[in-house]
Amino acid sequence: MNPSTGPAAPAPIIVAERLVKTYGTGAAAVHALDHATLSIAAGRFTAVMGPSGSGKSTMMHVMAGLDSVDSGTVRLGGVELTELSERERTVLRRRKVGFVFQSFNLVPSLTAAENIELPLRLAGKRADSAWVDELVTTLGIQERLSHRPNELSGGQQQRVAVARALASRPEVVFADEPTGALDSRAGRALLAFLQRASREFGQTIVMVTHDPVAAGFADRVEFLADGQVVDGFDHPTAQAVLDRMARFDAVAEEVAA
Ligand SMILES: Nc1ncnc2c1ncn2[C@@H]1O[C@H](COP(=O)(O)OP(=O)(O)OP(=O)(O)O)[C@@H](O)[C@H]1O
């Protein structure tokens with residue numbers, strides 16, 4: 001450790017540089033990403049925030065290999081995603097990435113246990129049953145494994161979705177507003193679990209959120225505005241995030257005036 005700088009920052013697992021993604025052309029063109037540059041540290045929990053339309057979901061989809069860019073580069077675990085075909089990106093996603101969506105996205109005809117195992121089956125991986133058992137127990141869903149999603153509460157469905165995302169120990173878990181459909185108690189329990197997954201198990205997590213309280217569970221917060229990463233800091237608290245967002249609003253009001 002260098003005493004003047006503290007512990008070295010962990011190596012980045014994702015390096016996204018000068019990403020450009022434009023929808024439409026001419027006067028109707030929308031610059032969803034406008035030379036956005038962002039690194040995600042391995043083993044950390046990172047929140048991505050910013051006003052509606054600032055490019056958060058687009059950025060996440062590109063970093064996860066779900067979407068292509070017009071220009072720029074994205075390396076995920078040393079692999080340059082922008083050089084892969086769509087098919088190669090799909091294979092890489094199955095091997096390296098887990099997802100948690102706001103709307104859970106569980107398969108209705110499968111039980112909770114079958115949903116949890118689905119990404120492993122798709123990736124042709126064998127389940128590490130001790131790990132899956134630990135996940136299921138920690139998330140408190142062991143009594144619900146034989147139930148189908150429509151027999152589970154929203155909070156239980158989301159916990160199944162989290163177990164599904166972590167079951168294969170992916171290099172990165174991407175979570176898009178994972179607490180958006182939950183009440184605040186269930187939301188906090190889920191955030192505490194994500195925080196624990198990164199602190200205790202070294203799981204890298206990238207979470208898009210509008211909620212300063214949710215961002216307060218992360219190790220770092222990054223802010224997007226108008227398709228660019230404009231700020232970021234470590235150890236965010238809900239209050240520090242709120243203060244930063246208020247400065248965005250003040251600038252937006254000045255621009256509009
Ligand atoms: N498929 C698409 N076609 C056209 N425009 C799109 C498409 N997807 C996103 N956009 C536009 O790109 C911009 C960035 O969108 P994006 O969804 O990444 O923002 P966001 O920050 O995630 O927003 P929100 O917080 O509202 O979900 C927006 O102006 C959006 O309207």
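Tutor: Happy to. A residue is called buried if 20 or more other C-beta atoms lie within 10 Å of its own, exposed if 12 or fewer, and partly exposed in between, with C-beta atoms placed from the backbone. This is a predicted model, where local features need pLDDT of at least 70, side-chain atom pairs count only at pLDDT 80 or more, and totals for chains, interfaces and linings use all residues. Residues are numbered from 1 along each chain as its sequence is written.

Student: Okay, how does asparagine 105 come out, buried or exposed or in between?

Tutor: Asparagine 105 is partly exposed, because it has 14 C-beta neighbours inside 10 Å. Asparagine 105 sits in the loop between strand S6 (97–101) and helix H3 (112–122). Helices here are DSSP runs of H or I with at least four residues, strands are runs of E with at least two, and both are numbered from the N terminus.

Student: What's its phi like?

Tutor: Asparagine 105 has a positive phi of about 55 degrees although it is not a glycine. Most residues other than glycine have a negative phi.

Student: Which other non-glycine residue has a positive phi, near 50 degrees?

Tutor: Glutamate 177 does, with phi near 50 degrees. Glutamate 177 is in the loop between strand S7 (172–176) and helix H6 (184–201). With 18 other C-beta atoms within 10 Å, glutamate 177 is partly exposed.

Student: Let's zoom out. How many helices and strands are in the protein chain?

Tutor: The protein chain has eight helices and 10 strands. Its C-alpha atoms fill a box of roughly 55 × 45 × 40 Å along the principal axes. Of its 257 residues, 37% count as buried.

Student: What does UniProt place at residues 14–251?

Tutor: The unreviewed UniProt entry places the feature "domain: ABC transporter" there. UniProt positions follow the numbering used here, feature names are shortened, and annotations may be inferred rather than shown by experiment. In the model, residues 14–251 are 37% helix and 26% strand, and the end C-alpha atoms of that span lie 30 Å apart.

Student: Now the ligand. Which residues are around it?

Tutor: The residues around the ligand are Tyr23, Val30, Ala32, Gly50, Ser52, Gly53, Ser54, Gly55, Lys56, Ser57 and Thr58.

Student: Which elements supply at least two residues of the shell?

Tutor: Strand S2 (30–41) and helix H1 (56–63) each do, and H1 gives the most, with three residues. Glycine 53 from the shell lies in the loop between strand S3 (45–49) and H1. Glycine 53 is partly exposed, with 14 C-beta neighbours inside 10 Å.

Student: Next topic: how many residues does the largest nonpolar core have?

Tutor: The largest nonpolar core has 62 residues, and those with the most contacts inside it are Met63, Ala163, Leu194 and Met207. Helix H5 (residues 154–166) gives this core its largest share, six residues. A nonpolar core is a set of buried Ala, Val, Leu, Ile, Met, Phe, Trp, Tyr and Cys residues joined through C-beta atoms within 7 Å.

Student: What does alanine 163 touch?

Tutor: Not counting residues up to four places away in sequence, alanine 163 touches Ile116, Leu135, Val136, Leu139 and Ile141. Two residues are in contact if their C-beta atoms, placed from the backbone, lie within 7 Å.

Student: And isoleucine 116, where is that?

Tutor: Isoleucine 116 is in helix H3, and counts as buried because it has 27 C-beta neighbours inside 10 Å.

How values were computed. Near = placed C-beta within 6 Å.
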